[in-house]
Amino acid sequence: MKHSIVIVDDHVLIAKALRSIMANFVDFEVWYECENGRDLQNKLAAQNKVPTIVLLDISMPIMDGFETALWLKENHPNVLVMALSMQDDDTSVIKMIKNGAKGYMLKNTHPADLEIALKALIASGYYYPAWAASKVFAS
């Protein structure tokens, strides 16, 4: 059984590239992409089915990743939120975790590392690379 993924990123090129990369991941399938959290809310309501994982950018217009992660935590607590961002500062990492993100990756990660992270997220319910874990424990 493949695990379903929804990509939420306001950069269309990034979202399409991620979808293309993940098409090669045997255990995962991308259902669709969303431009922001509001778009995700609308598509979840229209589809009437919930993905296993939401790959979530932080900086987006209308409804950003922080708001979206919190909304998912409150409305779909079983969804595994993986933040995928360029922001590697302590405040962003900690706020995403507090808002319900179960993982955090940087957009400059290698595709093979993304697949490893997604598998770890499914297996253990969370995935934080060493750099992100050290920021959390340091705070």
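Trainee: What radius of gyration does the protein chain have, and what would a compact globule have with 139 residues?
Mentor: The protein chain has 14 Å. A compact globule with 139 residues would be near 14 Å, so the two agree. The radius is taken over C-alpha atoms, and the globule rule is 2.2 Å times the number of residues to the power 0.38. Keep in mind that this is a predicted model: local features need pLDDT of at least 70, side-chain atom pairs count only at pLDDT 80 or more, and totals for chains, interfaces and linings use all residues. Residues are numbered from 1 along each chain as its sequence is written, and side-chain values use heavy atoms, with hydrogens and water left out.

Trainee: How many helices and strands are there?
Mentor: Six helices and five strands. From the N terminus the order is β-α-β-α-β-α-β-α-β-α-α. These are DSSP runs numbered from the N terminus: helices are H or I with at least four residues, strands are E with at least two.

Trainee: What share of the residues is buried?
Mentor: 44% of the 139 residues. Buried means under 20% relative accessible area, exposed means over 50%, and partly exposed is in between (1.4 Å probe, protein chains only).

Trainee: Now salt bridges. How many?
Mentor: Seven. The rule is a side-chain nitrogen of Lys or Arg within 4 Å of a carboxyl oxygen of Asp or Glu. One of them joins Glu33 and Lys16, at 2.9 Å from N to O. Glu33 is in strand β2 (residues 28–34) and Lys16 in helix α1 (residues 12–22), so this pair links distant parts of the chain, 17 residues apart.

Trainee: Are those two buried or partly exposed?
Mentor: Glu33 is buried at 12% relative accessibility. Lys16 is partly exposed at 45%.

Trainee: Which residue does Asp57 bridge to?
Mentor: Lys107, at 3.5 Å from N to O. Asp57 sits in the loop between β3 (53–56) and α3 (65–75). Lys107 sits in the loop between β5 (103–106) and α5 (111–124), 50 residues apart from Asp57. Asp57 is buried, at 4%, while Lys107 is partly exposed, at 24%.

Trainee: And within a helix?
Mentor: Look at Lys119 and Glu115, which meet at 3.7 Å. Both lie in helix α5, four residues apart, about one turn of the helix. There is also a network: salt bridges that share partners join Asp9, Asp57 and Lys107.

Trainee: Switching to rings. Why does the pair of Tyr126 and Tyr128 count as stacked?
Mentor: The ring planes are at 20 degrees and the centres 6.5 Å apart, so the pair is stacked. Rings of Phe, Tyr and Trp (its six-membered ring) pair if their centres lie within 6.5 Å; planes under 30 degrees apart are stacked, over 60 edge-to-face, and the rest tilted. The structure holds one aromatic pair.

Trainee: What sits over the ring of Trp31?
Mentor: The charged end of Lys49, 4.3 Å from the ring centre. Lys95 lies over the face of Phe66 at 4.5 Å. The test is NZ of Lys or CZ of Arg within 6 Å of the ring centre and within 35 degrees of the ring normal.

Trainee: Last one. Where is Ser4, and is it buried or exposed?
Mentor: Ser4 is in strand β1 (residues 3–8). At 5% relative accessibility, Ser4 is buried. Its side chain reaches the backbone nitrogen of Thr52 at 2.9 Å.

Conventions:
A polar contact is a pair of N or O atoms within 3.5 Å; within protein, one must be able to donate a hydrogen and the other to accept it, and residues adjacent in sequence count only if both atoms are side-chain atoms.
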